[in-house]
Amino acid sequence: MKKLFTLLCSVLFAISSPAQLIINEVLYDPSNSGLAGDANGDGVYDQEEDSFIEFVNAGNSNFDASGYQIWDDTSATGSLRFVVPAGTFVPPNGAMVVFGSGPLVGTFGGAVLLSADTTSSHLNLNNSGEVIGIKDASGAWVLFFDSDALSNNPNESYTRFPDITGAFLQHADTTSILFSPGTRTDGTPFSTSFVVESISVQSITGSTDISTNLGTLQLSSTVLPSFASDMSVTWSVGSGAGSATVDANGLVSAIANGNIWIVASSNDGTNISDSIEITITNQAFSLEEFTSLNVELYPNPAENYIHLKTANKTIDEIRLMDISGALIQTYIGTTEEINISHLSKGTYLLHLSSGNKVQVIRFQKGL
């Protein structure tokens, strides 16, 4: 029969907090049968060194655990056992494991690993008679684990089941193993991906103006934190009265006079972005001239090819762009047929130029 318990083990952060640290697994009584209790993987069983507390960030942003304190009891006789070092972060849905001591041998699911080597008795997690307490960096109690409620000397860990959201039960009640530090109860890893929290866009020269005909401006982006797992961004053209394109490296190319917003967006699913307004002047044409070539495009929508009817006018350059203005391909000279079979379904722009005359045509790529 499964031994389920509801413990005094809670997070006292506001509900709206984007990052929440919980206690997910505790091994306070490692097995002393051979190496069955060797949780830290160093090849030696030790009651104090193999004990551990596994924390999980149940929020959707990186959690700064710097300065968090582990106390062996919340009573007046309790002692501070470990302080999480500065600069320690836990990724969303990721784990941090504090062992009694090291060396820590193994990958432990890629979790953030720490060792309480700062005190001679290490974590000193007793089998009964105490409430393990966690203080935040300000010294306020935020997490509790009542080991006295689970004091039947199990020789295995107590873990939430299911992980993160469930009540605590003995680990071997659901698996054939006695503990799973850094991983879920079934051995699969928690997330190890740190997410983007902010992006700032700037010009590398400090200028936000393009004042030469068909001029360019190089932008850059600063992504934080610096340890985010995916630091890449996607550049796109936002709203504005002017016109420009931007390539995958943030190089803005002017098309028509006016102001235009250029956007850098995160690629890790967080939808973090920043933008900068660019002022474009002294171009050879304006947006009002965009229909002056009278070129016709057909069919529209199209599946594999689009055709241009030019009325005997020479086209100097054709730019194929997505709906955000990002350049896909450039064609030099008059082209009456363009292969679009490689494009995904959606809306695209065709930018045509001849001398100081320009036309932009919107078309739809079908299946």
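Is Asn40 buried or exposed, judged by its relative accessible area? Asn40 is buried, with a relative accessible area of 0%, where buried means under 20% and exposed over 50%, with partly exposed in between (1.4 Å probe, protein chains only). This is a predicted model, in which local features need pLDDT of at least 70 and side-chain atom pairs count only at pLDDT 80 or more, while totals for chains, interfaces and linings use all residues. Residues are numbered from 1 along each chain as its sequence is written, and side-chain values use heavy atoms, leaving out hydrogens and water.

**Surroundings of Asn40**
- Asn40 lies in the loop between β1 (21–27) and β2 (52–57), strands being DSSP runs of E with at least two residues, numbered from the N terminus.
- The side chain of Asn40 reaches the backbone oxygen of Ser101 at 3.1 Å.
- Not counting residues up to four places away in sequence, Asn40 touches several residues (heavy atoms within 4.5 Å), including Glu49, Phe99, Pro103 and Phe108.

**Open sheet**
- An open sheet is formed by 4 strands in the order β5-β4-β9-β10 with antiparallel pairing, two strands being paired if DSSP finds at least two bridges between them.
- β5 (80–83) and β10 stand at the edges, each with a single partner strand, so one side of each has no neighbour in the sheet.

Definitions and conventions: A polar contact is a pair of N or O atoms within 3.5 Å; within protein, one must be able to donate a hydrogen and the other to accept it, and residues adjacent in sequence count only if both atoms are side-chain atoms.
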